[in-house]
Amino acid sequence: MQSVYVSLILFFSVLGGFAQTSSHIHKCSQQQHSDSIRKAHPEINELINQNEQELQQWLKYTSQYPQVQSVITIPVVFHVLYANEDQNLPDDQIMAQLDVLNRDFRRQNADTILTPQRFKSISADTEIEFCLATQKPDGQPTNGIIRQQTDIPNIGNTNKYYRPTQGGSQIWDPRYYLNIWVCEITDTLLGFTYLPGEAQPNYDGVVLNYKVCGDKSYIPAPFNMGRTLVHEIGHWLNLQHVWGPQDGCQYDDGIADTPPQEKSNSKCPNTVVLSCNNGPNGDMWVNYMDYTYDQCQTAFTYGQKNRMLGTLNTSRKLLPSSQGCAPPDTTQPFVESLKVYPNPVREVLNIDFNLSNQQTTTVYIYDITGRLIMSSTELMDIGTSFIDVSHLNSGCYIASISTSNLNQKIKFIKTDI
C-alpha cells in the first residue's frame with residue numbers, strides 16, 4: 001500500500017501543471033502527424049484512398065445486408081519505455097488502463113448516465129474489446145507488457161521510440177497486435193497515432209504519455225480516466241476528430257450521426273454548444289473524439305462504431321483472427337527462423353525474425369553483380385525489421401541476413417509497379 005501512496009504523490013507532482021495549464025495541452029497530435037507524413041510521402045495517399053473505398057463498400061454492403069456481429073477482441077502489447085522508476089508504470093496501472101478501454105468501448109462505463117439525453121439514442125456499444133497479449137509473435141508466453149529502459153528524454157517526441165538500438169522497443173507485427181508505447185512526451189502533448197495506411201509497419205501503433213496511462217486510482221484530474229488512449233485508439237481504428245480534419249464548418253468527420261461541429265471543445269461545457277447550424281442538440285462534446293476533459297467524455301456513436309468495425313474488416317482485417325491472446329503452446333520446440341516478404345517488393349522489405357534470444361543482426365543488400373548497396377544492423381529477437389528499398393532501381397537483388405546462429409541469403413525483386 002505504501003508504494004501506491006508514493007506513486008500517487010509522484011504523479012500529482014508531475015501532473016499538477018496539467019489542470020492549471022490545460023488550455024495549452026494538446027490532447028492529441030494525430031492530425032499534425034497525418035499532415036506531416038502525407039506531405040513527406042504523398043505516395044501513401046493512393047493506399048489511404050484505396051482503404052477508404054474498401055471501407056465504404058463494406059459499410060454499404062452491411063447496410064443492405066446486415067450481418068450478425070460478434071465481439072471482436074484485439075490483442076494489445078504495451079511497450080513501457082522508462083528513464084526512471086516514475087515512468088516504469090506497475091502492471092496494475094497498465095491493467096487499469098486496459099479495463100478503461102473495455103468499459104468505454106463496450107459502453108459499460110458507469111458514467112454513461114452522464115450522457116445528455118439528447119445523445120443517448122445514438123450512443124453505442126462498439127462490440128470491440130481488448131486483451132493483453134498472452135503469446136508473442138513466435139507463440140511463446142508473454143504477459144503483454146514489454147519494459148525497456150531508455151536514456152532518451154521525451155522519447156515519444158522522437159522517431160526512436162520504436163527503434164530498439166536507439167532506446168526504443170521493437171514493434172510486434174501490427175497486423176496482429178495493437179502496439180502501445182507508454183513513454184515520456186513533452187507535457188503539452190498527451191498522445192498520438194496514425195490513421196490506417198499512414199504509418200509504416202515499424203511504427204503503426206499508439207504513443208501515450210505515461211502521465212495519463214491508467215485511471216483516477218493512479219493519476220489526478222483532468223485527464224485521469226484513461227480516455228486519452230480511448231481517443232487515440234479511435235484514430236487508430238480510422239475515426240477523425242468529431243469536427244473533422246480542420247476547424248471550420250466546411251469540414252466533417254464523415255459520420256452521419258455525429259453533429260456537425262466547427263472546432264474542438266475543451267474542459268466540460270455542461271451546456272448546449274451551438275455551431276454549424278447543429279441546433280437544437282449542438283456539439284457532441286461528450287464524444288470520445290472531442291478534446292474535453294476525461295470526466296465528461298462518455299460515448300461513441302453508432303456511426304463511429306460501424307466505421308471502426310468496417311476498418312477491422314478491411315484495412316485491419318487480420319486483427320480479429322489474431323492468436324495473440326490465445327493460450328501459448330509450450331509443447332512446441334522453439335526453432336530459430338526468419339522470413340522475408342513481400343517479394344516482389346515496391347517500398348519496404350519486411351524481415352520477420354524468430355530468434356531464441358536478443359542478437360545483433362545485420363542485413364546486407366547486394367545487387368545482382370554482388371556490389372554492396374546498403375546495410376542495416378540492429379538488436380533483434382522476435383519481431384520484424386523493415387528495410388526501405390523504395391529508392392532502389394527496379395531489378396533483382398540479394399538480401400544477406402546474418403545473426404549469431406543464422407546466415408541466409410534470399411533473392412528478391414524490386415519493382416515500381
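This is a predicted model: local features need pLDDT of at least 70, side-chain atom pairs count only at pLDDT 80 or more; totals for chains, interfaces and linings use all residues.
1. The disulfide count comes to 3. With bonded cysteines counted along the chain, the pattern is 1-6, 2-4, 3-5.

2. Cys 131 and Cys 325 form a disulfide with an S to S distance of 1.8 Å. The torsion about this S-S bond is about 105°, so the disulfide of Cys 131 and Cys 325 is right-handed. Cys 131 belongs to strand E2 (residues 128-132) and Cys 325 to the loop between H7 and E7, so the bond ties together parts 194 residues apart in sequence. Cys 131 is buried at 15% relative accessible area, while Cys 325 is partly exposed at 27%.

3. Cys 249 is joined to Cys 276, S to S 2.0 Å. Here the torsion is about -90°, so the disulfide of Cys 249 and Cys 276 is left-handed. Cys 249 and Cys 276 each lie in the loop between H6 and H7, so the pair ties together parts 27 residues apart in sequence. Cys 249 is partly exposed, with 45% relative accessibility; Cys 276 is buried, with 16%.

4. The sulfur atoms of Cys 268 and Cys 296 are 2.4 Å apart and form a disulfide. A disulfide is called when the sulfur atoms are within 2.5 Å. The torsion of about -95° makes the bond between Cys 268 and Cys 296 left-handed. Cys 268 and Cys 296 are each placed in the loop between H6 and H7, and they tie together parts 28 residues apart in sequence. Cys 268 is buried at 17% relative accessible area, and Cys 296 is buried at 8%.

5. Cys 28 is in no disulfide, and the nearest cysteine sulfur, in Cys 183, is 15 Å away. Cys 28 is buried, with a relative accessible area of 1%. For Cys 213 the closest cysteine sulfur is also that of Cys 183, at 10 Å, which is too far for a bond. Cys 213 is buried at 0% relative accessibility.

6. Most peptide bonds are trans. A cis bond joins Ala 221 and Pro 222, with omega about 10°; Pro 222 is in the loop between strand E6 (206-209) and helix H6 (227-236). The bond from Tyr 341 to Pro 342 is cis, with omega near -10°, and Pro 342 is in the loop between strand E7 (337-341) and strand E8 (348-367).

7. Most residues other than glycine have a negative phi. Asn 238 has a positive phi near 85° and lies in the loop between H6 and helix H7 (302-311). Asn 238 is buried at 9% relative accessibility. Lys 267 has a positive phi of about 50° and is placed in the loop between H6 and H7. Lys 267 is partly exposed, with a relative accessible area of 46%.

Notes:
Residues are numbered from 1 along each chain as its sequence is written. Side-chain values use heavy atoms; hydrogens and water are left out. Helices (H or I, at least four residues) and strands (E, at least two) are DSSP runs, numbered from the N terminus. Buried means under 20% relative accessible area, exposed over 50%, partly exposed in between (1.4 Å probe, protein chains only).
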